[in-house]
Amino acid sequence: MERRNAWLSYKEADENEMEKLNRAYREFLNKGKTERECVTEIVKQAEAAGYEALEAKISRGDKIQAGDKVYAVGMKKIVALFHVGTEELSKGMSILCAHIDSPRLDIKQNPLYEDTDLAYLDTHYYGGVKKYQWVTLPLAMHGVVVKKDGSVVDISIGEDEDDPVLYITDLLIHLAGKQLQKKAAEVIEGESLDILIGSRPLADLPDDKKKEAVKQNVLKILNEKYGIEEEDFLSAELEIVPAGKARECGLDRSMIAAYGQDDRVCAYTSLAAMLEMNETPKRTGCCLLVDKEEIGSVGATGMQSRFFENSVAELLDGMGCYSELAVRRALRNSSMLSSDVSAGYDPAYSEAFEKKNAAYLGRGIVLNKFTGARGKSGSNDANAEYVARVRKIFDDHDVAFQTAELGKVDFGGGGTIAYIAALYGMEVIDSGVAVLSMHSPWEVTSKADVYEAYKAYKAFLLEA
Ligand code: MN
Ligand code: MN
């Protein structure tokens with residue numbers, strides 16, 4: 001039972017729409033290299049599409065009614081959009097969910113040091129990374145430094161052509177005989193992922209500061225450019241990511257190579273589908289874009305937090321029909337596509353996949369009935385009845401889709417956020433876009449899959 005390749009079904013109109021969507025997707029990736037930057041861009045696009053902050057509406061005492069488009073944001077890192085339908089909210093919502101955090105290197109709270117005339121920042125990696133992939137690349141720093149007076153300094157270094165980039169060194173091949181005997185997990189160790197940020201000493205320093213003249217120069221630049229001091233690192237969130245823009249990939253330009261496609265490819269296509277829903281739906285549509293998936297969906301901005309539940313409670317209250325039971329019913333009666341990337345079948349590593357149940361680039365959005373590791377540990381296992389409903393929606397709307405598992409049964413695995421949403425008793429299935437080299441600095445997706453995911457989400461919002 002082989003699934004069709006989406007490319008073969010495209011007419012000119014499809015191709016134009018697909019290219020337009022993929023251009024907008026690349027723009028989104030360029031603007032959103034951190035979860036905070038993603039939320040900023042999502043809110044900007046939502047407001048342009050007529051969405052308004054739920055909090056603002058509530059504080060004005062406006063009643064929320066069918067046709068209203070509202071959004072809620074938590075700590076600038078998690079966001080939920082609602083397009084209120086004509087049906088009672090307690091009958092449930094159609095929810096598109098994805099995550100906007102990606103693997104990266106975070107700057108430690110006390111990061112800056114100098115060693116032998118070179119200045120460095122210490123990092124702590126976030127999410128699952130093959131550490132050896134992060135050396136000898138042009139890197140950028142994105143994030144915020146919050147000063148004691150509460151003012152927030154936005155930082156973005158390394159993206160403009162005129163910006164300097166940052167860098168992590170590796171040992172030259174000529175001297176690497178011993179290093180190359182090590183296991184791949186140990187070739188580059190986490191504590192060695194230090195960012196090289198300077199080599200020029202500051203002149204005319206007092207004697208006690210002379211041995212840190214390069215560090216002193218870095219601090220001087222930071223102070224001149226951003227008004228920050230060394231202690232301000234204590235209250236900063238600075239993320240090191242690959243520098244550079246998302247690119248088309250392949251001579252046929254059929255793919256996208258970019259950082260952070262896990263899971264911004266699902267987040268962006270969900271958002272685009274949501275923002276294009278112009279007419280008031282029957283069932284309330286929702287797009288929930290969450291943080292912290294890569295470290296277990298923990299914290300106030302992860303899927304395990306009460307953010308979503310609280311937002312739904314506020315929404316019901318704004319409609320004048322809040323009750324504890326109404327919240328529970330709204331959640332229980334909902335249907336969700338919990339979208340996250342799938343492992344794309346890679347012929348170079350065919351031994352990791354079972355070919356009949358793998359996800360292939362170009363064959364459309366992927367449905368994972370279950371995820372998890374080994375004996376489905378940590379998985380949500382979508383109800384067969386629900387899978388049938390979802391595949392009917394996709395077929396009725398001519399969406400190319402495929403089904404897959406994450407690699408061979410005993411090879412490993414991974415979970416995502418579906419099981420957390422499922423705790424409410426709602427229908428939820430893992431779905432998403434296939435990716436090559438997942439969690440690497442530059443991941444690869446198929447433009448056709450990006451387009452089919454977007455089509456799938458539009459169909460889901462209409463029919464689920
Ligand atoms: Mn993911
Ligand atoms: Mn991931």
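Select the manganese ion (ligand 2) first: along the sequence, its donor residues follow the spacing D-x31-E-x144-H. Keep in mind that this is a predicted model.

Now show the residues behind that pattern. The donors to the manganese ion (ligand 2) are Asp262 (OD), Glu294 (OE), Glu294 (OE) and His439 (NE2), at 2.1 to 2.5 Å.

Glu294 sits in the loop between β13 (284-290) and α7 (307-318), while His439 lies in the loop between β21 (434-435) and β22 (443-446). The pair is 145 residues apart and links distant parts of the chain.

Move on to Asp262. Which ions does Asp262 coordinate? Asp262 coordinates both the manganese ion (ligand 2) and the manganese ion (ligand 1), which are 3.1 Å apart.

Select the manganese ion (ligand 1). Around this ion are His99 (NE2), Asp262 (OD), Asp340 (OD) and Asp340 (OD), at 2.1 to 2.4 Å. The sequence spacing of its donor residues is H-x162-D-x77-D.

Finish with Asp262 and Asp340 together. Asp262 belongs to helix α6 (residues 261-275), and Asp340 is in the loop between β14 (335-339) and β15 (342-343). These two, 78 residues apart, also link distant parts of the chain. Are they buried or exposed? Both Asp262 and Asp340 are buried.

Conventions. Residues are numbered from 1 along each chain as its sequence is written. Chains are lettered from A and ligands numbered from 1 in the order in which they are written. This is a predicted model: local features need pLDDT of at least 70, side-chain atom pairs count only at pLDDT 80 or more; totals for chains, interfaces and linings use all residues. Side-chain values use heavy atoms; hydrogens and water are left out. Donors are N, O and S atoms within 2.8 Å of the metal (3.2 Å for Na, K and Ca); water is not among the atoms, so sites may look incomplete. Helices (H or I, at least four residues) and strands (E, at least two) are DSSP runs, numbered from the N terminus. Buried means under 20% relative accessible area, exposed over 50%, partly exposed in between (1.4 Å probe, protein chains only).
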